[in-house]
Each structure stands twice: as structure tokens, then as C-alpha cells.
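Visitor: I am new to this structure. Please take me in for a close look at the aromatic rings.

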Amino acid sequence: MTTTATASFAGRIVLRVGYGALQLERLHDRRGEAVALLRRAVELGVDHVDTAEFYGFGFANAVIREALRPEDNVLVVTKVGADPNPGGRVPLRLAQRPEQLRASVEDNLRSLGVDRLAVVNLRRLDTGPGLRPEGDQVVDLDDQVAVMTALRDEGKIGAIGLSSVTLDGLRRALPAGIVCVQNAYSLVSRDDEDMLGLCVAEGIAWVPFFPLGGVFPGLPKATDEPAVHAVAESLGATPSQVGLAWLLHHAPNVLLIPGTANSAHLEANIAVSEITLDAATLATLDAVESRSNDGPIG
């Protein structure tokens, strides 16, 4: 079974494999290499990049600003809901209140050097592994969507996405015109199958983070599965490539944003779009047990 190479995202047609900028911070002391890596991604056809002001305390945005050119026509997607927290046990702090969301949008505008953010994901933290809001960071979704809609009306953002959201939350937000959902989702953690189905029906891009499973101890990983290793060996691919290829085959609205600080890994990630999984192979992978991907950080 083959997959289409492109999908719709925020009114554009993009290649289904993009780039997630989180790993750029590993090149913090080698900025030139970071810029070159992003240029290489563009050369390989990447036309959507996922970032945030809290990735490397602004480093990822600074590299994107330097590396990308208007003629590249790359869709830059950022997110709000958390801010950098240098020196903290966790390198980010929640910023869920409406005035904090607005301030975070301004921070991203400034660090990216643009007057409009094409797509901004509201990171809710209602589901999936990681932090949960407490105290004044427990904010009603409707209040958050209201400020995001106002920012769109003001022309500061082009489109609204949601991240770490529940099915009920997505349904409540649909009237605002949601263009994408970023949730933790992988071959081994398919809790959000109903939400994925709703996104297919509504024409909303599904952009999984942790696409190979949990990066925290104790959470399931696709690359630990014997079936994934067997398929990889039969195809001459890596287990990581098989886990990513399964996502592309599983639903037509899936977009991938794998991140790396290594050019060889970058090329391997982008090559995933060329991998074909036949019906028998898909059935083998579909039979892998799905487990919850919820859990704390650290």
C-alpha cells in the first residue's frame, strides 16, 4: 500500500514529512551547523517546520529566522501555552492564561522576525505525558480559544491548532476553525483513535508528537516491538522508519515532524515517505498492542 506524498494543512498543500525544531538546541554551540541542517531540510523538500519560543530558550526560532528565506515558502508552525524556564527542573513553565498566550504570540513574532504567525498551536496539556496545569494555570478552553481567535482577527496569527487536547475539547473548539491537532500518538499508543477519526472527517491535520512512543522512562516505544524490527529487516529500513511509515499509512491527514540534529538522520526521516507497506505488513503492525502514553516527566 502506497501513500500520497502530500496533504492539506492550513489551506496549503504540504509534503507529509516536515521537521520539528526541538532538537536544534543540541547544536546551540554550533549555530552554523544548525542553520546548515535547516537549509538541508529545505533542499530535501521540507516545507513545514514546527517550533516554539521555548525550544532552546529561543535558539530554534533564531535559527529558523536566519536559515529560512521568503522564497523557500516554508510554513512555520509555532505554539503557545508554555514559556522558557531557564534553570528550572523542567526547562519550561506553563503559560496558559489568556494574557500569557497573547504575550507568547508576541514573543514568537519577535524572535521569528515576522509580523504574522502562519499557524499557532494552543498547548493545553489536558492529555498525554508531561505536566498538568495547577492553580491559576487551570484555564477554561473557551477563554483560551477566545484570545486565539482575537489574535487571528487582529492578523497576528493565521490559523489555530490545538495540542494535548481531549476529544471533548476538540469538539468544543471546532467552531473556531481548528486546522491541526498535535497529540502524543504512535503505533504503540493509539488512545486517540476517535479523535483522529474526527480530524479526518473535519479536514484537520493530525500531527503526532512522540511519533515513536514515549521518550520518558516507562512509556512504550515502537522501536522496542519485535514486529517493528521484523518489518524493518524485511524492508531494509530502520525500526524508526517503520514506526513513522505506519503513521503515514494509517490515516491520510497525518503529517510528521520528526526532529534531529544530524543530517543523516534527517535524510532517513524524509525517506520515510518513500516506504510502502503492503496489506499484510500493515495488518502485522496494526496487531501491535496499544498502551497508554500518559505519564509524568522525569
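Guide: Here is a walk through the ring pairs, with a charged neighbour at the end. Keep in mind that this is a predicted model.

The count comes to 4 aromatic pairs. Start with Phe-54 and Tyr-55. Their ring centres are 5.4 Å apart, and their planes stand at 90 degrees. Planes over 60 degrees apart count as edge-to-face, so that is the label for Phe-54 and Tyr-55. Phe-54 is buried, and Tyr-55 is buried too.

Now go to Tyr-185 and Trp-246. Here the centres lie 6.4 Å apart, and the planes meet at 25 degrees. The cut-off for stacking is under 30 degrees, so Tyr-185 and Trp-246 form a stacked pair.

Where do Tyr-185 and Trp-246 sit? Tyr-185 is in the loop between strand S10 (178-182) and helix H6 (193-202). Trp-246 belongs to helix H8 (residues 239-250). The pair therefore ties together parts that are 61 residues apart in sequence.

Tyr-185 has 0% relative accessibility, so it counts as buried. Trp-246 also has 0%, so Trp-246 counts as buried as well.

A further residue joins them. Ring pairs link Tyr-185, Trp-206 and Trp-246 into a cluster.

Last, look at a charge over a ring. Arg-123 lies over the face of Phe-209. The distance from the ring centre is 5.2 Å.

Note on methods:
Residues numbered from 1 in each chain as written. Predicted model: local features only at pLDDT ≥ 70, side-chain atom pairs only at ≥ 80, totals over all residues. Heavy atoms only, no water. Phe/Tyr/Trp six-rings, centres within 6.5 Å; stacked < 30°, edge-to-face > 60°. Buried < 20%, exposed > 50% of the residue type's maximum accessible area, 1.4 Å probe, protein only. Helix = DSSP H or I, 4+ residues; strand = E, 2+ residues; numbered from the N terminus. Lys NZ or Arg CZ within 6 Å of the ring centre and 35° of its normal.
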